[in-house]
Amino acid sequence: MSIRAVVWDVDDTLFAYTSADRAGMRAHLAAEGLLEAYASAEEALARWREATHLHWGRFSAGETTFEGQRRDRVRTFLGTGLTDSEADAWFERYITHYEAAWALFPDVLPALDALAAGYRHAVLSNSSLTVQDRKLRVLGVHDRFETILCAAELGVSKPEAAAFHAACTALGLAPHEVAYVGDHPDIDGRGAAEAGLLSVWIDRDGARTGGDAPQGPRRIASLAELPAVLGADTRFGARSTFG
């Protein structure tokens, strides 16, 4: 049966999260007078990435709340035992700088336009609805999606099959009628494939092309290739050179 809907990841798939996070944290640390404590800005940003990876992993595993992982990221980065309110305030100051750097990837709007008539669209993110709903509104694409599902509210996160199946259920479609597009080869790519969806892994910078591709997903370097992968009757895009 042909694909009838596309479910999208948000961060580093539609939204340029990594670049916004780096720009926002650099500006935040400068404003807080914290850059001087590191040999370089890159060292400070690497420490922030490590804290983010550690505590986001705990959230994804159900070991902490969405708010808890934010607070613990701050505590780990600063190496201090801040109260919840102090950690929240520090993170909110960072958010101001982070949001100033928000942007969609250049290939997003052309892809959404090319696919608008032929497919239904939804979002499945490992974040929270409060965060992603507002983000998509600010970026001007919220109304492109029928439904927005997030792990914090679902109680289950990618790569668990139940997360992908929840998106299919919300659309009233079987997994084999749905494509999932995400940037992480395992959480998105392998997870969607094992859940029975058509899995499309967007690997824009080719950072992971040196190793074996995950089993199942179609790998693309740009969303311009997505219509061809889905079998869309459109001149937009071409088949992936990755195969």
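This is a predicted model: local features need pLDDT of at least 70, side-chain atom pairs count only at pLDDT 80 or more; totals for chains, interfaces and linings use all residues.
Residues are numbered from 1 along each chain as its sequence is written, and side-chain values use heavy atoms, with hydrogens and water left out.

The buried residues of H6 are Val131, Gln132, Lys135 and Leu136. They sit on the same side of H6 because they cover an arc of only 115° around the axis; the arc is taken from the directions from the helix axis to the C-beta atoms. This buried set packs against H3, H4, strand S2 (120–125) and strand S3 (148–150), with contact meaning heavy atoms within 4.5 Å. Helices (H or I, at least four residues) and strands (E, at least two) are DSSP runs, numbered from the N terminus. Just past the end of H6, Gly140 has a positive phi of about 80°.

## Helix H8 has a buried face too

Over in H8, the buried residues are Ala163, Phe164, Ala167, Cys168 and Leu171. Looking down the axis of H8, they fall within an arc of 140°, so they line one face of the helix. What do they pack against? The partners are S1, S2, S3, strand S4 (178–182) and H9. Just after H8 comes Gly172, with a positive phi of about 70°.

Lys158 is in the loop between helix H7 (151–154) and helix H8 (161–171). Is this lysine buried or exposed? Lys158 counts as buried because its relative accessibility is 4%. Its side chain makes a polar contact of 3.0 Å with the side chain of Asp9. (A polar contact is a pair of N or O atoms within 3.5 Å; within protein, one must be able to donate a hydrogen and the other to accept it, and residues adjacent in sequence count only if both atoms are side-chain atoms.) Leaving aside neighbours within four places in sequence, Lys158 touches Asp9 and a number of others, including Leu124, Asn126, Tyr180 and Asp188. Ala163 and Phe164 are also among its contacts, and both belong to the buried set of H8.

The peptide bond from Lys158 to Pro159 is cis, with omega of about 15°. Pro159 is in the loop between H7 and H8. Most residues other than glycine have a negative phi, and most peptide bonds are trans. You'll find Asp12 in the loop between strand S1 (5–8) and H1.

## The largest pocket

The largest pocket has a volume of about 1,300 Å³. Of the 43 residues that line it, the closest to its centre are Asp11, Asp12, Tyr17, Thr18 and Asp183. For the record, the search runs on a 1 Å grid over the protein atoms alone, and a pocket is an open set of points where a 1.4 Å probe fits, with protein on both sides within 12 Å along at least five of seven lines; lining residues have an atom within 4 Å of a point. Points are joined across faces, edges and corners, and the volume is the space filled by probe spheres set on them.

Helices H1 (17–32), H2 (41–60), H3 (66–78), H4 (84–100), H6 (129–138) and H9 (185–194) each supply at least two lining residues. By type, the lining divides into 13 nonpolar, eleven polar and 19 charged residues. Nonpolar here covers Ala, Val, Leu, Ile, Met, Phe, Trp, Tyr, Cys and Pro; charged covers Asp, Glu, Lys and Arg; the others, Gly among them, are polar.

Ser60 lies in helix H2 and is partly exposed, with a relative accessible area of 27%. Not counting residues up to four places away in sequence, Ser60 touches Asn126 and Ser157.

Glu86 is in helix H4 and counts as partly exposed at 43% relative accessibility. Its side chain reaches the backbone nitrogen of Thr83 at 2.9 Å.

Terms used. Buried means under 20% relative accessible area, exposed over 50%, partly exposed in between (1.4 Å probe, protein chains only).
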